[in-house]
Amino acid sequence: MLDSLRREFRSLAPAVDFCALRFVEESSEYLAVRQDVPEPPRLQVNRGAMVTVIDKGGLGYGATSDLSRAGLAQAMDRARAYASLTAGRSVMDYGAVEMPRPHGEYRSPVARDAASLSRKEKYELLTSEAAQCRIDERIVDWEANLWTTASKQAYFTADGGDVRQEFHFVVPNLSATAYAKGESQTRTHAGRYNGFCRQGGLEILDAFGLTGAGRTVAEGALELLAAPNCPGGTMDVLLLPDQMMLQIHESIGHPLELDRILGDERNFAGTSFVTLDMFGKYRYGSELLNVTHDPTRPEQYASYGWDDDGLAAQKLFLIRDGILERPLGGAISQKRAGIAGVANTRACAWNRAPIDRMANLNVEPGGSSMDELIASIDHGVMMSTNVSWSIDDSRNKFQFGCEWGRMIRGGKLAEVVKNPNYRGISATFWRSLSGVGDASTFQVMGTPFCGKGEPSQVIRVGHASPACRFSNVDVFGGAA
Amino acid sequence: MSDMRDYFEEIAAHLDSLARPGEVIISALSAEESDFIRFNRSAVRQATAVRQAAWTISLIGGPKRLDARVNVAGNLAADKPALGALVGELRDSLDGVPDDPFLLYETQPARSAARRAARLPEPAQVIDEVLVAGRGLDLVGFYASGPIWKGFASTLGVRHWHAVESFNFGWCLYHDRDKAVKTSYAGAEWESRAFEGRMRFAREQLALLGERPRDLAPGAYRAFLAPAALTELLGMMSWAGFGLKSRNTKQSALIRMIEQGERLSPLVTITENTREGIASGFQAEGFVRPPQVALVDSGALSAPLVSPRSSREYGVPTNGANAGETPESLDLGGGSLAEARALEALGTGIYVGNLWYLNFSDRSACRLTGMTRFASFWVEGGRIRAPLNVMRFDDTAYRILGANLEALTRERELVPDTDTYGERSTVSVRTPGALLREFTLTL
C-alpha cells in the first residue's frame, strides 16, 4: 500500500521547490474495567496524509482523509495554493531551508506483540487487577485500563526521500479513589494522566508492575485519606521520577522549544523566559543538571528514527553541567533562528502541520543512591506522582502538586502526607538542584497528552529521570 | 464534500441495510473542511487546509457493544464498501466482547436537522487584511474557518444532522515579552469594517501596556475578572464538576456542595444552555439534549449532567450529556453591574483580562490555581494605571464565586472554544464579568 501511495504521490507532485507527503495510520484499542465492570472496547483507525509544498519562499500544507488519487491531488492543490498565497509574506523565506531527503526504516522494539493476548485475556487481566482494589468500603471508585496503539508512518519527498517508521505504544493504568467525611483521595499507579507509557509490546505490563498494583493503589488511597496535610514552609524536596517528568516537561521542555522562543506560540501556548542570546552561556541549573534530548532510547515513548520533516534523530545535550547549550528546534526553526537544535519537528497526526515538540527529554543520572539522597535532607518532603500542574505563559512561575508525600526529618523517612504542593520559578528553581540520583533511581516515564499548537495538537512525549533533590523550596498542603 | 447531508443520509441508509436481525447499528459522522492560518510577527507562519471525515460505528447485539472510529474519504464510492467491511469486522469480534450492563442508546425514531450557514471569506482576503492591519505591529494570531458537519444515525430510525459554518480569528498585539492585548473576532460573515473596529480597540489597549508594569506582592486584592478570565474558572468547574458519575464516585470538584451543603453566591446561576449554544442538540448515543439544564441555581447545586451510561449505572434518566458529562454550552447568568461601570465599581484593585493554565491545588476543596495573562492592569480610582506583571492566584471557587463575589455584569459574552484537538470544537461558554471583593494572589 505504501509503495502505491508513493507512486501516486510522485506522479502527482507539482513542479515546485519542495514537495513531500506524510502518511499516518494509527490503529488503537482502549480497554477498561471500572468497578469490576468491563466497558465496551474502543477501537480507532486514524488514517490520512498531509502534503507539504514549499515554492518561491512560501509554505503550504494540505491534509486529507481521502487517499484516492483525486483526494491526494486536491490536497496537493490546496498546499500549493497556500504556498503561493504566503510567498513573500511569511515569517521567513522557506525556500532557504535545506529540507532533508531521508532514507531508512525504524521500528519499535517489541518482545511480546499486543496481539499475543486475545481481547478476552486482556480483559481478564484488567478485571483481576481491578478486583484487587476492593479492599475497603471507603474505596468508592477504581479502574484498570490498557491502551495499545500501532502506528505506521511514511514520509516521501518528490525528489527521492523515503522513510518508513512503525511504532507500537502500550499505556496501562490503574487507579483507586477513597472517600470519607467529605474528602476524596485518589492514588494511581504511575499517574492519573498515564505517566507510564512506552514503546514496545506487552512486556511493558511487567515493567509497569501490573500484577499486585490494584491492591497497592487502593491501600495508597486509604493511606492518603488518613494522612495529615503536607505542612507548609521552606524545605528541601525530593522528587521521584513520576514527578520529575512533569518538572522537566514544564520548566525545561516547553521553555526550550525554539518556536516558542521565536514567538509562534504567543497567541496560545505562550512564550518563553529563555531568549536566543542565552544559548551557550546561561546557567540554567546547578552543575549537577545534565539534560538530553534523546529520541534514540528504544523503549521510551517518543523515540523515532526521523522527525516529521525528515531530520535524523540523535541524542544531544541541551544542558550540560547546568549550562544551556541548545534549544528544541527542528530544521525550519534552526534556519529562522540561526542556531543548532535537534530533530524534533513533529505532528500529532496526519491532519496537523509539524511544529517544534520535545520528544524524549531526560535528566541524566547522577551519583547518589536513594538512601544517600534521603540521608542528606534534614527537613523536607519526598513527593511522588504528579496530580496538578500550572505554569505561566513564559514557563517561569510554576505550581505543581503530587498525589503522595512523605516527610523526611533528620535524614530519615517519616509520616506520609497528603496534598503535597510546591511553587517555584523555573529560572531559579533548577539552580537549587542539590542532589541527583544514580541509575538505580532512574525511571523511564512520559505522557500521551502534551498540548500545544494552533490548530491544537496533543502529542506523545517521553521523560526519564532519576530522583532529584532541590533545596529551600516553597512547599504547602491542601485547604483546611 | 459539499453535499454532506446527502452523503450522510445515503451512508445511514446503507448501514440500515447491513444490520442483521437482532443487531442495531448506531453511527456518528464527524467531518470538516477547515482552513487554518497562523500568523507571527505580522507575517504568515503556517497555512494548512484540512479535509477530513470520520465515522464512529457501534455494532450492538443484545447486551454487547463494539465501537470503532475510522477515517473515511468522504465520498460514497469509497466509503460504502469500507464501512461495510468495518461492520463485518465488528460482527466477527462482537462475541468476544463482554456484556455491557450499562448499555443505553436512543431506541425511539426521531429526526432533527440544524444548519447555520455562513458567508466565509477566501483565505487570501483574510491574509491580506490581517497583514495590512498588523503592519508596524507585532501581531501573532490564528484563523480557523470552514464548515463542520455532525450526524447521528441508527438502524432504529434515528437521524440527527448538525451543520455549522463559521470563522474564528484570535490574535494578540504584543508590546514586549509577555505583555499583549488578546482579541478575537468570530462569526458567520467576515466584515472588514468590524474587523478593523476590533483592531482599533486592540491598538488602543496596546497603548496602555506601554506604561511601566507593576509588580504586586502576594496577598488579597479587589478584582474584576473579564469574561475571558471567568471562562477559564468555569472551565475548571466543568472538568468533572457537574457530572453524575463524578458526584457518585466522590471525585467531583464540587463535592463539598454535594456532601456538605456548601453554596456559591446567590448571584450564581449556571445552566447547560444547549438552546443558545453552538454545539449540536444531540449526543453520541442519539439522545436529544433538553434546551436547558440548570446546574447551579442561585448558588445551590442543582441537576447533574447524566450520560446514557451513567443513566443505566445509577438509575437516573439521561439528559443528553456526553460521555464525559461535561457541559458543551455552559451559561453563567448575568447580574446587575453595567459593564461600562466595571472599573468605577472596582475602584482600586486589579483588572484581570485573562487567566491561564488553571489546575486544582486541592480538588476536594475546589481550590484552584492559575496565572494572570495578557492585558491585566492595576486600577486606581476607577482608572487603569499600569499593566501587571503576571501573578499566580490560588483560591477556592467557593470564595471566588461565593463570599467574595460582589457583582456580575449585566452584559455577557459568548466565548467559543477555540480548541482544535483532532477537529474543531463546537463547545462554548456564555458568561458575564465578575467583580470580586478579594482575589488571592500567591506568587
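Two strands pair if DSSP finds at least two bridges between them. Strands themselves are DSSP runs of type E with at least two residues, helices are runs of type H or I with at least four, and both are numbered from the N terminus. With these terms in place, I turn to the structure.

Good morning. The model before you is predicted, so local features are given only where pLDDT is at least 70 and side-chain atom pairs count only at pLDDT 80 or more, while totals for chains, interfaces and linings use all residues. Residues are numbered from 1 along each chain as its sequence is written, with chains lettered from A and ligands numbered from 1 in the order in which they are written.

Let me begin with confidence. The predictor assigns the complex an ipTM of 0.97 and a pTM of 0.96. Chain B has a mean pLDDT of 95, and 100% of its residues reach 70 or more; pLDDT is the predictor's confidence in each residue, on a scale from 0 to 100.

Next, the overall build. Chain A contains ten helices and 24 strands, and its C-alpha atoms fill a box of roughly 70 × 55 × 35 Å along the principal axes. For its 480 residues, a compact globule would have a radius of gyration near 23 Å, and the 23 Å of chain A agrees with that. The radius is taken over C-alpha atoms, and the globule rule is 2.2 Å times the number of residues to the power 0.38. Chain B contains ten helices and 22 strands, in a box of roughly 75 × 55 × 35 Å, again taken along the principal axes. With 443 residues, the rule gives a value near 22 Å, and the 24 Å of chain B agrees.

How do the chains meet? In chain B, 73 residues are in contact with 67 residues of chain A, where contact means that the C-beta atoms, placed from the backbone, lie within 7 Å. On the side of chain B that touches chain A, strand β2 of chain B (residues 43-61) gives the largest share, eleven residues. By class, that side of chain B has 37 nonpolar, 19 polar and 17 charged residues. Here Ala, Val, Leu, Ile, Met, Phe, Trp, Tyr, Cys and Pro count as nonpolar, Asp, Glu, Lys and Arg as charged, and the others, Gly among them, as polar.

Now consider the domains, whose bounds come from an automatic or database domain assignment. Chain A is divided into domain 1 (2-226) and domain 2 (233-476). Their C-alpha centres lie 21 Å apart, and the contact takes 44 residues from domain 1 of chain A and 36 residues from domain 2 of chain A. The touching side of domain 1 of chain A has 24 nonpolar, 14 polar and six charged residues.

Chain B is likewise divided, into domain 1 (4-208) and domain 2 (219-441). The centres of these two domains of chain B, taken over C-alpha atoms, are separated by 25 Å. Here 33 residues of domain 1 of chain B are in contact with 29 residues of domain 2 of chain B. Which element gives the most to this side of domain 1 of chain B? The answer is β6(B), with seven residues. That side divides into 18 nonpolar, nine polar and six charged residues.

Nine bridges join β6(B) to β7(B), and the two run antiparallel. In this pair, B:L173 stands opposite B:V181 in β7(B). Two residues lie between the strands of this hairpin, in which B:R177 takes a positive phi near 45 degrees.

Finally, I return to chain A for an open sheet. Four strands stand in the order β13-β12-β11-β16 (chain A), with antiparallel pairing. Because β13 (323-324) and β16 (361-363) of chain A each have a single partner strand, they stand at the edges, and one side of each is left without a neighbour in the sheet. Strand β11 of chain A (residues 291-293) pairs with β16(A) over three bridges, in the antiparallel sense. In that pairing, A:T292 has A:N362 of β16(A) as its bridge partner. Helix α6 of chain A (residues 241-253) packs on the sheet and touches β11 and β16 of chain A, its direction making about 115 degrees with that of β16(A). Such angles run from 0 to 180 degrees between N-to-C directions, with axes fitted as lines to C-alpha atoms, for helices over the stretch in contact. Thank you for your attention.

Notes
Two residues are in contact if their C-beta atoms, placed from the backbone, lie within 7 Å.
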